[in-house]
Amino acid sequence: MPVDISDRVLAGCWFEWHRQGGCGAGEVRLRDDFADRGEIEPGDWISMESGPGLRWYLGRVETKEAAYPAGVRLRLEGMGVELGEVYPGGFGSDADGVPPQRLGATDLFSLDPDRDLETFDATGDAASVVRLLLSRYVEPAAHITYAAPRVEDSLRPAGVESLKVRGEESARSLIKELAVRAGASSWGVDAAGEFFFLQRRTSIELVLQIGQNVSELEELSDRELLFNRLLLTGDYVYDRADDTDNIAVRSYRWRGNYVEPVSRAAYGERRLRLWIPWIRTQADAVSFSREFFRTYSQPRRRYRVTTGVIDAPVFPWLGAVRLKNAAGFDVATGICDVIRVRFDRVPRMELEIGPEDPRNLWPEPAQDERWELPARSQARGGNLSLTSLTDPWTDGGGGGDSGGSDASTTDTGGDTSLTGDASVESSMSGLSDLSSFSDGLTTEEGTSLTTDSNSDPESSGGSSSDPSDESGDASTGGAGDSDESSDFVSDGSGESSLDSDASSDESDGSDASSS
């Protein structure tokens, strides 16, 4: 049975929602006595709810710090953390008992040393690879619930020519890259413990207006997230031993150099080095690089917003946010990759409209590096020119507070749209009338509060959401399909709510429970 712990919660608690990851990190502080520090342990699950079936967040306790007289501090990670604990494929029966897993549409690498050990599954695109990873590897090994309809096909080509895994990379790493190919899809595990892989949609989940529900606002204009050259380092390719006497080129690391020429001509070279160790074909590299450039090859304005009091969740994977000035005219419309919810006396959100730093997703290597060259020349890079970089669902926009004009404005940055709609609304479906906010914190681990980290975190329920070598052209890349671009878009609707009655670090009065 869930155990209510809301009367023990102190102020200063928070959690995050990630468009790419679902429920993220969190922190809960309890006023528990030092003698009671063993009641909640790492591996237990905590949910935050406003009432039965109205869940905002679900996370696993990763770290517990108990101190006298301060109390207990719990650091959490959402259920998506389990995607990082599942490693598809293996090295073979003599090693770890699991064969290498090869996915894709072609058989290009018959000379792999472990070719006779591998399992092969034909997959047509990124979404079909994700479905196989979830059904075969993730769902049997984790608490995560998988429903095939919540993995959506890409609106643009998102082919997977060849992908081979040997239990070295996590399912999370693979899904993170496949989501980029699929048009920067939203992915992760939601508050109900359900996996999602969703196309970005045009729906507006929340409208924020200065003077009404915005307490702090900051605009950032910089080149920090502008990248127009990608140097990709991928998998090993094994050459025929009798093709050369030079053993150094019998196997080599696949590398590709991709450039968005329009951006480079306009802003100078902005290079990023990425390691994606399962890519080793031009087609797969172009599929990734093209979608990457849609988001990052143009400078973007970003907006950091702290909201007023909120009474319902705004999940970033289910829709976009529209920001209006005090006069009611649009400043920006876009997706938020990360939203942090702080709940002291009342819940407030901290969000940034704009794309996440790709270096958080793919950290650059710490040092310069070189690798073997193939014995024969091959296509491993090229120009990927995107003829249009605006979003499919917005006219673009300059993004300033330009007073009263309600005419649409266009900007190739594609980060805002001006429509002149002065209404302020928060459109979230599936919500009952929540006149008061009752912070539902729940620790769950089956039928009793123990240290069993294998318990079912969904046992107390929860509401689920609706469903380039620098010269030459990258021949497999489609230069002319960029009418659906870029960095702001998302999907759907939200539900639930949360609360806390903490007037100080010593009081909270929230509705939390623990199982």
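A pocket, on a 1 Å grid over the protein atoms alone, is an open set of points with protein on both sides within 12 Å along at least five of seven lines, whereas a cavity is a set of points where a 1.4 Å probe fits but cannot get out; lining residues have an atom within 4 Å of a point. Grid points are joined across faces, edges and corners, and a volume is the space filled by probe spheres set on the points.

The structure described here is a predicted model, in which local features need pLDDT of at least 70 and side-chain atom pairs count only at pLDDT 80 or more, while totals for chains, interfaces and linings use all residues. Residues are numbered from 1 along each chain as its sequence is written, and side-chain values use heavy atoms, with hydrogens and water left out.

Helices (H or I, at least four residues) and strands (E, at least two) are DSSP runs, numbered from the N terminus. Strands β2 (13-18), β17 (300-309), β20 (336-343) and β21 (347-353) each give at least two residues to the lining of the largest pocket. The largest share of this lining, four residues, belongs to β17.

In the largest cavity, 16 residues form the lining, and R19, Q20, A184, T295 and Y296 lie nearest the centre. Helix α4 (residues 282-296) provides the largest share of the lining of this cavity, four residues.

For the classes in the table, Ala, Val, Leu, Ile, Met, Phe, Trp, Tyr, Cys and Pro count as nonpolar, Asp, Glu, Lys and Arg as charged, and the others, Gly among them, as polar.

| Space | Volume | Classes of lining residues |
|---|---|---|
| Largest pocket | about 390 Å³ | five nonpolar, four polar, 10 charged residues |
| Largest cavity | about 130 Å³ | eight nonpolar, two polar, six charged residues |

A residue is called buried under 20% relative accessible area, exposed over 50%, and partly exposed in between (1.4 Å probe, protein chains only). Strand β18 (residues 320-324) is mostly covered, with five of its five residues buried. In a regular strand the side chains alternate between the two faces of the sheet. In β18, A320, R322 and K324 point one way and V321 and L323 the other way, and all are buried.

Two strands pair if DSSP finds at least two bridges between them. Strand β12 (residues 204-209) pairs with β18 in the parallel sense, over five bridges. Within this pairing, I204 is opposite A320, and L206 has V321 as its bridge partner. Strand β12 is itself largely enclosed by the rest of the structure, because six of its six residues are buried.

Strand β19 (residues 330-334) runs antiparallel to β18, and four bridges join the two.

The expected span of a helix is 1.5 Å times one less than its number of residues. For the 15 residues of α4 this span should be 21 Å, and the end C-alpha atoms are 20 Å apart, which agrees.

Helix α2 (residues 171-181) is likewise largely enclosed, because nine of its 11 residues are buried. Among these buried residues are L174, I175, L178 and V180, together with the charged K176, E177 and R181. Contact means heavy atoms within 4.5 Å. The buried residues of α2 pack against α1 (126-141), β9 (162-165), β10 (186-189), β11 (195-198), α4 and α5 (358-361). Just after α2, G183 takes a positive phi of about 80°.

**Two single residues**

P140 is placed in helix α1 and is exposed, with a relative accessible area of 62%. Leaving aside residues up to four places away in sequence, P140 touches L134 and S135. P140 and V86 are 54 residues apart in sequence, and their C-alpha atoms are 9.8 Å apart in space.

I5 lies in the loop between β1 (3-4) and β2 and counts as buried, at 0% relative accessibility. I5 and D32 are 27 residues apart along the chain, and 10.0 Å separates their C-alpha atoms.
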